[in-house]
Amino acid sequence: MSDKEMVDIYILGKKYPVPASLTIMDSMEYAGYQLVRGCGCRSGFCGACATVYRIKGDRELKVCLACQTKVQDGMYLTQLPFFPGNKETYDINELEPTADTMGRLYPEIYKCIGCNSCTKGCPQELNVMRYIGYAQRGELEKCAHESFDCVMCGICASRCPAGITHYQVGLLARRLTGKYIAPESKHLTERVNEMEAGQHDESIEKLNNKSVEELTELYNARDIEK
Amino acid sequence: MYTAEMRELIKKVEATRPERLGHDYSRMTPDERDQVLKKYHPDYRASGFRTLSLGANEGSKVPLELADLLEAKSRLENVNLDLTKVDYDVDVLIIGGGGAGASAALEAHKQGAKVLISTKLRMGDANTMMAEGGIQAADKPGDSPAKHYLDVMGGGHFTNKKELVSALVKDAPGTIKWLNELGAMFDKEADGTMVTTHGGGTSRKRMHAAADYSGAEIMRVIRDEVHNQGIEIVEFSAAVELLLDKDGKAAGAVLYNLETEEYAIARAKTVILATGGAGRLHYQGFPTSNHYGATADGLVMGYRAGAELAFADTIQYHPTGVAFPPQNFGALVTEKVRSLGATPVNIDGNQFVFHLETRDVEAAAIIRECADKNKGIETPTGVKAVWLDTPLIELIHGEGTIEKRIPGMFRMYKKFDIDMRKEPILVYPTLHYQNGGLLINEHGQTKVENLYVAGECAGGVHGNNRLMGNSLLDILVFGRRAGSHAGAHSKTVEGKALSLDHVKKYHQSLKNHGVKTDRISPMLLPHYTHGRENDK
Ligand SMILES: Cc1cc2nc3c(=O)[nH]c(=O)nc-3n(C[C@H](O)[C@H](O)[C@H](O)COP(=O)(O)OP(=O)(O)OC[C@H]3O[C@@H](n4cnc5c(N)ncnc54)[C@H](O)[C@@H]3O)c2cc1C
Ligand code: SF4
Ligand code: SF4
Ligand code: FES
């Protein structure tokens with residue numbers, strides 16, 4: 001045995017000693033599991049590794065992302081690799097960015113009882129209850145910004161007594177905001193029009209016809225925006 | 001979270017900060033760049049490569065770990081499959097559910113094709129989800145697609161396939177508009193002007209971002225759209241071999257259900273490989289920023305079917321991977337941290353390289369600082385690293401910039417009690433991107449008929465070095481091009497009997513070339529033990 005500091009963890013009830021420095025995800029592999037589900041980016045971006053745990057002696061169930069949380073002694077672990085959540089399908093081009101739209105597609109948001117379980121569980125520290133509140137009131141832009149860092153791990157939905165799938169509500173609000181509410185980027189529209197009119201074809205064709213030497217020369221002499 | 005020794009060393013960084021602030025470190029001359037690359041970049045370490053003894057690229061060198069998978073046997077060698085029992089029958093089969101796969105699916109569907117996406121992990125659990133920094137497109141006044149073109153070529157050391165580069169820069173503004181119209185939320189000023197920044201090697205500020213969740217924002221939106229369009233997806237279902245018809249044209253794939261361990265036959269008129277990168281092969285022992293399923297499966301399957309590799313010997317090591325804390329070892333510190341003004345600093349508190357050299361040069365300079373100059377900082381796991389002076393960002397752009405512009409980074413460090421607003425962070429290069437892949441033309445076609453490739457699995461666009469922000473762009477540009485072409489083309493293809501003869505031939509060829517092996521590929525998933533053997 002090495003001199004590493006070890007802790008005991010319980011995976012699906014079975015005890016394994018693992019180094020205290022590991023994340024939950026790494027500790028499962030250390031224990032001998034090969035992960036198939038519940039593992040994606042390993043960096044806190046994809047929400048694949050939602051995990052439920054309890055510390056021995058403590059009654060409270062906690063939730064986290066396994067790739068972003070260190071193991072603790074006496075941790076009882078189970079993963080939440082797929083939690084069923086409702087997603088409505090829609091044609092984004094036919095929606096209006098209003099409270100009506102939210103309420104029509106996700107009427108359950110009005111059943112929120114304000115228990116705040118969603119917020120307490122969010123590993124991204126988002127104020128989930130608040131963004132649902134914004135959705136109810138049709139304040140879509142606020143909902144979009146408040147929910148922006150959501151990794152869609154589903155932890156909030158797993159705890160909601162009203163059966164809300166928060167991350168889908170947030171996503172709809174964001175798409176409506178990105179498409180309809182955020183100001184148009186005029187320079188983008190103009191450039192796309194220029195491209196479609198073929199205005200840049202010639203300058204690119206010219207470069208296509210240059211030798212490596214000529215390109216290198218142009219490249220080394222190019223001015224760089226401050 | 002920093003150790004006492006590290007906190008002592010941080011004082012040196014703080015001491016030199018005032019004099020470094022506002023002073024640009026000089027850029028390397030072309031000659032200097034050349035020298036540092038040849039001496040320190042892992043791509044130039046001959047011991048990391050081997051020459052392929054068979055296949056379309058016989059005689060060319062690829063990383064050892066990839067060669068081992070290319071010169072291996074099929075998972076299906078001893079499996080009896082009835083290829084006439086078809087489980088899925090579609091027009092377009094898309095293998096891989098990242099950004100390239102999803103955008104290809106949307107376009108193929110738009111062409112009226114019946115589409116199936118088969119993906120190894122969940123839809124969207126992919127490198128695309130993790131991209132933080134941004135996506136390039138020349139859409140601002142003062143910039144032009146031609147300037148973008150020159151940057152791409154220069155970044156790729158002028159080895160890029162020109163027709164692919166011109167497709168890339170021409171489609172770029174339209175791609176951003178497409179995303180915007182699907183509802184992706186880009187960072188904008190109040191008047192709608194896109195907030196854009198520099199990346200290493202760019203001559204204009206053309207990096208569009210959605211905070212530091214750029215890839216996540218793009219992936220969640222296009223995945224949602226794939227769901228809205230009702231496109232069929234099978235998850236935890238990895239392709240293990242392509243199927244060809246008797247004329248050698250691509251005609252489907254054998255899928256493997258990772259949970260029930262059963263095989264399924266998917267027949268298709270056209271096939272698009274969009275399996276992404278290879279970081280999890282840990283070339284030359286490097287850590288990686290890549291997602292769990294980045295094991296080069298597409299390269300292996302495509303190569304066996306006869307497609308050609310391009311630039312498979314050039315790998316991108318991102319200069320700034322997390323070196324500390326160990327829990328995040330190898331994870332990415334987005335280049336945006338440097339674009340915002342953080343600079344690399346050695347153990348004495350001195351900057352040793354301009355902070356926005358191209359990635360290969362920047363990474364080589366960091367390796368030189370640690371290996372040769374011995375000016376690295378030793379971490380508790382024994383890894384050497386350099387500082388990235390992040391507090392500079394707040395001094396340059398004002399307090400609050402880090403939380404606003406790079407919240408994901410800030411959160412990742414905060415979880416382990418490091419406040420990057422106040423303390424510098426420790427970084428070392430990490431295996432990040434596969435510059436090369438299966439060679440495509442401007443429609444994403446390979447020389448195997450009806451076989452398309454898109455995204456990180458494809459080669460040629462970036463030559464032998466990619467610039468930041470051109471990959472998110474490339475997966476969408478060529479994902480959409482491949483999807484559109486494969487969708488339309490599928491209508492002209494006649495379904496024929498399926499065959500795995502090419503796999504048998506490949507096995508025979510291994511024998512003929514004297515390759516003796518028990519290796520099996522594609523790898524599908526890596527197997528980690530985190531040093532358990534040594535602890536027993
Ligand atoms: C941490 C990080 C940050 C990055 N930041 C940026 C950035 O800021 N800007 C930029 O332009 N680029 C960035 N990149 C690069 C860019 O994100 C990727 O190159 C790009 O997203 C790859 O997209 P893809 O669709 O080709 O592959 P992926 O998004 O990786 O998708 C591949 C998919 O294929 C599936 N798959 C793999 N094997 C099989 C199989 N055998 N069968 C079925 N499915 C399979 C996987 O599960 C996955 O769903 C970053 C990359 C990383 C890792
Ligand atoms: S809002 Fe819900 S789905 Fe999103 S990150 Fe928080 S807990 Fe996960
Ligand atoms: S968990 Fe559900 S009911 Fe409770 S506050 Fe959140 S949204 Fe409302
Ligand atoms: S594996 Fe992606 S969030 Fe943990």
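Modeller: A:C39 is buried, with a relative accessibility of 2%; buried means under 20% relative accessible area, exposed over 50% and partly exposed in between, using a 1.4 Å probe and protein chains only. Keep in mind that this is a predicted model, where local features need pLDDT of at least 70, side-chain atom pairs count only at pLDDT 80 or more, and totals for chains, interfaces and linings use all residues. Residues are numbered from 1 along each chain as its sequence is written, chains are lettered from A and ligands numbered from 1 in the order in which they are written, and side-chain values use heavy atoms, with hydrogens and water left out.

Biologist: Okay, what about A:C67, buried or exposed?

Modeller: A:C67 is buried, at a relative accessible area of 3%.

Biologist: And how many disulfides are there over all chains?

Modeller: Zero, going by a search of the whole structure. A disulfide here is a pair of cysteine sulfur atoms within 2.5 Å.

Biologist: Switching to helices. At what angle do α4 and α7 of chain A pack?

Modeller: About 50°, with the axes of α4 (residues 128–136) and α7 (residues 166–181) 10 Å apart. Helices are DSSP runs of H or I with at least four residues, numbered from the N terminus. Axes are lines fitted to C-alpha atoms over the stretch in contact, and angles run from 0 to 180 degrees between N-to-C directions. So α4(A) and α7(A) are oblique to each other, oblique being what remains after under 35 degrees (roughly parallel), over 145 (roughly antiparallel) and 65 to 115 (roughly perpendicular).

Biologist: Which residues make the contact?

Modeller: From α4(A), A:V128, A:Y131, A:I132 and A:A135; from α7(A), A:H166, A:Y167, A:V169 and A:G170. Contact means heavy atoms within 4.5 Å.

Biologist: What does A:L171 touch?

Modeller: Leaving out residues up to four places away in sequence, A:L171 touches A:M152, B:R220 and B:D224. A:L171 lies in helix α7 of chain A and is buried, at 2% relative accessibility. Its C-alpha atom is 45 Å from that of A:A221, 50 residues apart along the chain.

Biologist: Last one: where is B:N180 found?

Modeller: In helix α7 of chain B, residues 162–182. B:N180 is buried, with a relative accessible area of 11%. Beyond its neighbours within four places in sequence, its contacts include A:G178, A:K179 and B:F186.

Conventions:
Helix = DSSP H or I, 4+ residues; strand = E, 2+ residues; numbered from the N terminus.
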